[in-house]
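Here is a short briefing on one protein model. Look through the structure first, then read the points below.

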Amino acid sequence: MPADAVVWHAHAKVNLTLDVIARRADGYHELRSIMQPLALCDRIVVAPAPPGCLAVTSDSPLVPKGEANLVQRAAVLLQRRYAVKAGAAVQIEKRIPVAAGLAGGSADAAAALRALCRLWQLQPEDGALAELALQLGSDVPFCLLGRTALAEGRGERLTALPPAPALPVVVATPRLDWQGNKTAQVFGQLRLEAITERPDTQGMLRALAAADAEGIAACLGNVLEPAAVALNPVIARLKAAMAAAGAMGVSMTGAGPSVLALVSSETAAAVAAAARAITDLVHTTTLQPAPAAAEAGR
Ligand code: C5P
């Protein structure tokens, strides 16, 4: 790694609650979601490159290439906005499962925005990075903020919350052979009038403020779950198996298919083993207790 490279951690996100309020005229949905970074993270390494050279590479073959890669798009947006002539070589060290409901691509893009600003010595005006982030995707503004937050609007209206306690969690991701935009398909399946159970957002806010693990577990919920389960019944099997193995609370995250289980140090191994009987993509990690960006910069 060159001495002048910049390293940034890109933390996975989970939705502790995810409620959908309304369908919007622009095709998006109005959300109300408490979003939380995980300690689980990718590493983004950004190194100088000559003008005209923008190379984005990864150690994972699952990471999209070219314009489909949000890091590539983030770099181009920054270059255009600030008339940057310099190039960059960006390496994505992938640990977060891809297309999993964990905002891995969004986290990489947010980390790239920050790391490239440092590499290219840019000082964006207030709100400018958040605006670019939203152009990249609805979860990118949250990833840029990098701390527990209530997300509303498309996901860009963010209210910072007290950081969650560093609770142990198991995140399990079924391997799906998905074609097309998974998130759009799950939102497309959602019947707002058929929602019978909504997450207890207020209860979750109280539980977070009190650092009450059992309260946090009891208030987990995601209205996208029935739509995602209808497309992929394995999500329901995974949830049931992790709950039966002793998880305090389980919920799908984002548009899925990952399932988040809050566990104790006593139940973590049994919950991970139960998930491993269904999928090999199982991570034992923790909720990120402090603003993620603070420990990320190098
Ligand atoms: O913003 P992003 O590109 O991540 O969104 C992917 C898709 O998810 C959108 O095209 C839309 O179909 C759906 N979506 C939505 N409402 C949101 C966020 C995403 O309907 N608030």
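The shell around the ligand divides into 4 nonpolar, 6 polar and 1 charged residues. Here Ala, Val, Leu, Ile, Met, Phe, Trp, Tyr, Cys and Pro count as nonpolar, Asp, Glu, Lys and Arg as charged, and the others, Gly among them, as polar. This is a predicted model: local features need pLDDT of at least 70, side-chain atom pairs count only at pLDDT 80 or more, and totals for chains, interfaces and linings use all residues. Residues are numbered from 1 along each chain as its sequence is written, and side-chain values use heavy atoms, with hydrogens and water left out.

**Around the ligand**

- The residues around the ligand are Gly27, Tyr28, His29, Leu31, Gly137, Ser138, Arg154, Asn181, Thr183, Ala184 and Phe187. Each has a heavy atom within 4 Å of the molecule.
- Polar contacts are pairs of N or O atoms within 3.5 Å; within protein, one must be able to donate a hydrogen and the other to accept it, and residues adjacent in sequence count only if both atoms are side-chain atoms.
- The side chain of His29 has an N or O atom 2.6 Å from a ligand oxygen.
- For the side chain of Ser138, the distance from an N or O atom to a ligand oxygen is 2.5 Å.
- A polar backbone atom of Arg154 lies 3.1 Å from a ligand nitrogen.
- On its own, the ligand has 450 Å² of accessible area, and the protein covers 77% of it. Areas come from the Shrake-Rupley method with a 1.4 Å probe; for residues, only the protein chains shown count as cover.
- β2 (29-49) and α5 (182-189) are the elements that give two or more residues to this shell. Helices (H or I, at least four residues) and strands (E, at least two) are DSSP runs, numbered from the N terminus.
- The largest share, 3 residues, comes from α5.

**A buried glycine**

- Gly146 sits in the loop between α4 (140-145) and β5 (149-153).
- Gly146 is buried, at 6% relative accessible area. Buried means under 20%, exposed over 50%, and partly exposed in between (1.4 Å probe, protein chains only).
- Gly146 and Gln36 are 110 residues apart in sequence, and their C-alpha atoms are 8.2 Å apart in space.
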